[in-house]
Amino acid sequence: MLGRRFISFLRRTPSASGNMVAEDGKAKTWGRRIVSGTLICLTGGVALSALDDLSIYHSCSSKALERASKNKPIIDAIGEPIVRGPWYNASLAVAHQRQSVSCTFPVSGPQGTGIFQLKAVRNGEDKWSSFLRASDWEILIMEALVHVPGNEEKQQTFRIKVSDDLPPPASNACTDCIPQESSGNVDKK
């Protein structure tokens, strides 16, 4: 009991130092507010970045699914409809100030599953409001790694390169060019 009274006596502060405790309490309050505000801003920035990445993933994968639904080898391999897998199994790498993207995501169909891999660039300008609307992406390279399970035979895995299915440009012979002779004579004047 004597020990409790002694500790209680030591904890009391004289009235002169009461102002110092109040000022110290205000400083702690402002410090806590600054730290809280900083943490809220950081969390908000990370959340906006994650939402922007999710928007990029959704835009690119939708474009890839649209292109794959027109590709006969992919439709023959995994069937229709082709369904996008969960976003948390996807991988997204954004570069060049969010102007180019490399994306890998799972897909499935009635006959099999697969993984789509693509590289795309953003069409148009990158403005501060770009995360508010879907961007238009141009797919440069796309390929599918498709797994088709077989009945009692060996399971099959295919790599299918997806292109625009546009015919290659016709090559025309150059008729305006003048053939140059490859003689070793140099004209000296």
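Colleague: What does the chain average in pLDDT, and over which residues is the pLDDT below 50?

Modeller: pLDDT is the predictor's confidence in each residue, from 0 to 100. The chain averages 76, and 65% of the residues score at least 70. Where pLDDT is low, the predicted coordinates should not be read in detail. The pLDDT falls below 50 over residues 166-171.

Colleague: Which pattern does the chain follow along the sequence?

Modeller: Helices (H or I, at least four residues) and strands (E, at least two) are DSSP runs, numbered from the N terminus. There are three helices and six strands in the chain. Read along the sequence, they give α-α-α-β-β-β-β-β-β.

Colleague: What share of the residues counts as buried?

Modeller: Buried means under 20% relative accessible area, exposed over 50%, and partly exposed in between (1.4 Å probe, protein chains only). The chain has 189 residues, and the share of them that counts as buried is 22%.

Colleague: Which residues touch the most other members of the largest nonpolar core?

Modeller: A nonpolar core is a set of buried Ala, Val, Leu, Ile, Met, Phe, Trp, Tyr and Cys residues joined through side-chain atoms within 4.5 Å. The largest one here has 25 residues, and the elements giving two or more residues to this core are α2, α3 (72-78), β3 (100-108), β4 (113-123), β5 (136-148) and β6 (156-162). In soluble globular proteins, nonpolar side chains tend to be buried together. The members that touch the most others are I74, I82, F105, F116, L118 and M142.

Colleague: With what is I82 in contact, leaving aside its neighbours within four places in sequence?

Modeller: Contact means heavy atoms within 4.5 Å. With those sequence neighbours set aside, the partners of I82 are L65, A68, S69, I74, V107, S108 and F116.

Colleague: Where is V146, and is it buried or exposed?

Modeller: V146 belongs to strand β5. Beyond its neighbours within four places in sequence, V146 has contacts that include A77, I78, F158 and I160. The C-alpha atoms of V146 and I78 are 7.3 Å apart, although 68 residues separate the two along the chain. With a relative accessible area of 0%, V146 is buried.

Colleague: And W137, is it buried or exposed?

Modeller: W137 is also placed in strand β5. Leaving aside neighbours within four places in sequence, W137 is in contact with residues including I56, C60, V101, V121 and N123. Its C-alpha atom is 8.7 Å from that of S100, a residue 37 positions away in sequence. At a relative accessible area of 2%, W137 is buried.

Colleague: Which peptide bond is cis?

Modeller: Most residues other than glycine have a negative phi, and most peptide bonds are trans. P81 sits in the loop between α3 and β1 (83-84). Here omega is about 0° for the cis bond that joins E80 and P81.

Colleague: How many salt bridges does a search of the whole structure find, and which side chains meet in them?

Modeller: A salt bridge is a side-chain nitrogen of Lys or Arg within 4 Å of a carboxyl oxygen of Asp or Glu, and the search finds two. In helix α3, D76 and K72 lie four residues apart, about one turn of the helix, and their side chains meet at 3.3 Å, N to O. The side chains of R159 and E143 meet at 2.6 Å, N to O.

Colleague: Last one: which residues form a nonpolar patch on the surface?

Modeller: Patches are made of residues with over 30% relative accessible area and no salt bridge; like charges are joined within 9 Å, and nonpolar side chains (Val, Leu, Ile, Met, Phe, Trp, Tyr) within 5 Å. Accessible areas come from the Shrake-Rupley method with a 1.4 Å probe, and for residues only the protein chains shown count as cover. One member, L54, lies in helix α2 (residues 18-68) and is partly exposed at 39%. Together the members have about 590 Å² of accessible area, and they are L48, L51, L54, W87 and Y88.

Definitions and conventions:
Residues are numbered from 1 along each chain as its sequence is written. This is a predicted model: local features need pLDDT of at least 70, side-chain atom pairs count only at pLDDT 80 or more; totals for chains, interfaces and linings use all residues. Side-chain values use heavy atoms; hydrogens and water are left out.
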